[in-house]
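Biologist: I am new to this structure and would like a close look at a single part of it. Please pick a place to start and lead me through its surroundings step by step.

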Amino acid sequence: MSLIGTRLRGLARRYAVSRRTHEDLLARCAAAEAERDQLAATYRTWVPPGHFYSPQPDPAQVLARAGALFDTAADPVGLDLREDDQLALLPVLTEPLKDHPFPEHRSPEYRYFFGNPEYSWSDALVLHGMLRHLRPRRLTFVEPTRSCCGRCCAPATNSA
């Protein structure tokens, strides 16, 4: 076989691979566009994006302000995070966590355990520390529509 024939076969193989890759990308692009159109139809509201009553921003305004909106180094405009106060509160919140009662894994004694996918370690420890620090007289729990207790927590048991 000649050197030219070998090179031509290599090019033909490369072209076949790139042709399949190109067709695959076209198919994936068409599927993504179909999904985009379906989402746009599903979440269409009675007002256009960017309107005062719309939950969706106007894409043109987002692109125009992208530099300021997505600048992670900048402080949020009009919002005082009081970072020094937050850092001072951290040791106060961590002190009561030394004796938290919650187990890592499911247990018949507790409905809550840390190793669940819905409300894990950090969320629970911060809430526990805040409740023990602030000691509110009342606590209102608003259960979400899909209860985590059915999936990640053991059901409550009454001993009677």
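Modeller: Let's start with R28, which counts as exposed because its relative accessibility is 53% (exposed means over 50% relative accessible area, buried under 20% and partly exposed in between, with a 1.4 Å probe and protein chains only). Please keep in mind that this is a predicted model, where local features need pLDDT of at least 70 and side-chain atom pairs pLDDT 80 or more, while totals for chains, interfaces and linings use all residues. Residues are numbered from 1 along each chain as its sequence is written, and side-chain values use heavy atoms, leaving out hydrogens and water.

R28 forms a salt bridge with D24, their closest N and O atoms being 3.8 Å apart (a side-chain nitrogen of Lys or Arg within 4 Å of a carboxyl oxygen of Asp or Glu). Both residues sit in helix α1 (residues 3–42), and because they are four residues apart, about one helical turn separates them. D24 is partly exposed, at 39%.

R82 pairs with D85, with closest N and O atoms 2.9 Å apart; R82 is exposed at 52% relative accessibility, whereas D85 is partly exposed at 43%. D99 pairs with R132 at 3.0 Å. Here D99 lies in the loop between α4 and α5 and R132 in helix α5, so the pair ties together parts that are 33 residues apart in sequence. D99 is partly exposed at 49%, and R132 is also partly exposed, at 28%.

That brings us to α5 itself. H128 belongs to this helix and is buried, with 13% relative accessibility. Beyond the residues up to four places away in sequence, H128 touches P96, L97, H100, P101 and F102 (contact means heavy atoms within 4.5 Å).

Helix α5 (residues 121–134) also meets helix α4 (residues 83–94): their axes come within 9 Å and cross at roughly 90°. The two are therefore roughly perpendicular, a label for angles of 65 to 115 degrees. On the α4 side, L89, V92 and L93 take part, facing G129, M130 and H133 of α5. Of the residues in this contact, four are nonpolar, two polar and none charged.

Stepping back, the protein has five helices and zero strands, and 11% of its 160 residues are buried.

Definitions and conventions
Axes are lines fitted to C-alpha atoms, for helices over the stretch in contact, and angles run from 0 to 180 degrees between N-to-C directions. Angles under 35 degrees count as roughly parallel, over 145 as roughly antiparallel, 65 to 115 as roughly perpendicular and the rest as oblique. Ala, Val, Leu, Ile, Met, Phe, Trp, Tyr, Cys and Pro count as nonpolar, Asp, Glu, Lys and Arg as charged, and the others, Gly among them, as polar.
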